[in-house]
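Here's a quick walk through one model, taking in a charged pair, some helix packing and a few loop positions. Have the viewer open as you read.

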Amino acid sequence: MGRMYGRGKGIAASARPYKRTAPSWVRAKPQEVDEMVCKLARKGNRPSQIGVILRDSHGIPMVRSVTGQKILRILKANGLAPSIPEDLYFLIKKAVAINKHLEKHNKDRNGKFRLRLIESRIYRLARYYRRVKKLPATWKYESAIASTLLA
């Protein structure tokens with residue numbers, strides 16, 4: 001099935017390991033991993049960045065297999081979770097960048113069209129997150145104040 005906002009049709013992805021337990025070569029203890037996750041979050045890293053750093057620098061393939069909890073659950077338990085979900089954050093960041101571009105190049109019709117597509121994705125995702133109570137019911141995206149949401 002084709003994508004709604006792109007030309008791709010593929011389903012290529014790497015396969016997650018079937019075993020849910022940590023591999024035998026991982027020496028990190030669950031408490032150590034929790035502390036590392038919290039320390040990286042305090043430095044300003046987002047949950048996906050934390051997973052990549054732990055995988056590449058510390059040799060922890062999957063936090064969930066070691067600790068039994070996902071990164072975001074660990075962050076929520078310690079009060080370090082981001083205020084808006086990560087996918088929504090990056091869509092808003094992209095929309096702010098395109099808005100900034102359009103201030104200088106206001107005749108860029110393709111840019112205006114792409115901004116409309118991105119904003120429609122933001123509205124749809126925000127509607128979902130309001131429904132599942134990950135965002136407050138009064139949360140609303142407005143392009144005029146979008147850059148303040150990122151700070």
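A salt bridge here means a side-chain nitrogen of Lys or Arg within 4 Å of a carboxyl oxygen of Asp or Glu. Bear in mind that this is a predicted model. By that rule, the count comes to one salt bridge.

**The charged pair**

Which residue does Asp56 form a salt bridge with? The partner is Arg55, and the closest N and O atoms of the two sit 2.8 Å apart. How accessible are the two ends? Asp56 has 52% relative accessibility, so it counts as exposed. Arg55 has a relative accessible area of 46%, so this residue is partly exposed.

**Helix against helix**

Two packed helices are described by the angle between their axes and the distance between the axes. Start with H1 (30-42) and helix H2, which covers residues 47-58. Their axes come within 10 Å and cross at roughly 120 degrees, so H1 and H2 are oblique to each other. The crossing of this pair is right-handed. On the H1 side, the contact is made by Met36, Val37, Leu40 and Ala41, which meet Ile50, Ile53, Leu54 and His58 in H2. Sorted by type, the residues of this H1 and H2 contact come out as seven nonpolar, one polar and no charged.

Now for H5 (86-104) and helix H6, residues 109-131. Here the axes also come within 10 Å, and they cross at roughly 155 degrees. The cut-off for roughly antiparallel is over 145 degrees, so H5 is roughly antiparallel to H6. As for handedness, H5 passes H6 in a left-handed crossing. Residues of H5 in this contact include Leu88, Leu91, Ile92, Ala95, Ile98 and Leu102, along with Asp87 and Lys94. Across from them, H6 brings in Leu115, Ile118, Ile122, Leu125, Ala126 and Tyr129, with Lys112, Glu119 and Arg121 also among its contact residues.

**Outside the helices**

Asn78 belongs to the loop between helix H4 (71-77) and H5; its relative accessibility is 44%, so it counts as partly exposed.

The loop between H6 and helix H7 (146-150) holds Pro136, which is partly exposed at 48% relative accessibility. Lys133 is placed in the loop between H6 and H7 as well. What is the phi of Lys133? It is near 65 degrees, a positive value in a residue other than glycine. With 72% relative accessibility, Lys133 counts as exposed.

How do chain separation and C-alpha distance line up for three of these positions? Here are the pairs.

| Residue pair | Separation along the chain | C-alpha to C-alpha |
|---|---|---|
| Asn78 and Cys38 | 40 residues | 7.6 Å |
| Pro136 and Ile84 | 52 residues | 9.9 Å |
| Lys19 and Lys93 | 74 residues | 36 Å |

Key:
Residues numbered from 1 in each chain as written. Predicted model: local features only at pLDDT ≥ 70, side-chain atom pairs only at ≥ 80, totals over all residues. Heavy atoms only, no water. Buried < 20%, exposed > 50% of the residue type's maximum accessible area, 1.4 Å probe, protein only. Helix = DSSP H or I, 4+ residues; strand = E, 2+ residues; numbered from the N terminus. Axes fitted to C-alpha atoms, helices over the stretch in contact; angles between N-to-C directions. Parallel < 35°, antiparallel > 145°, perpendicular 65-115°, else oblique. Left-handed = near helix turned anticlockwise from the far one by under 90°. Contact = heavy atoms within 4.5 Å. Nonpolar A, V, L, I, M, F, W, Y, C, P; charged D, E, K, R; others polar.
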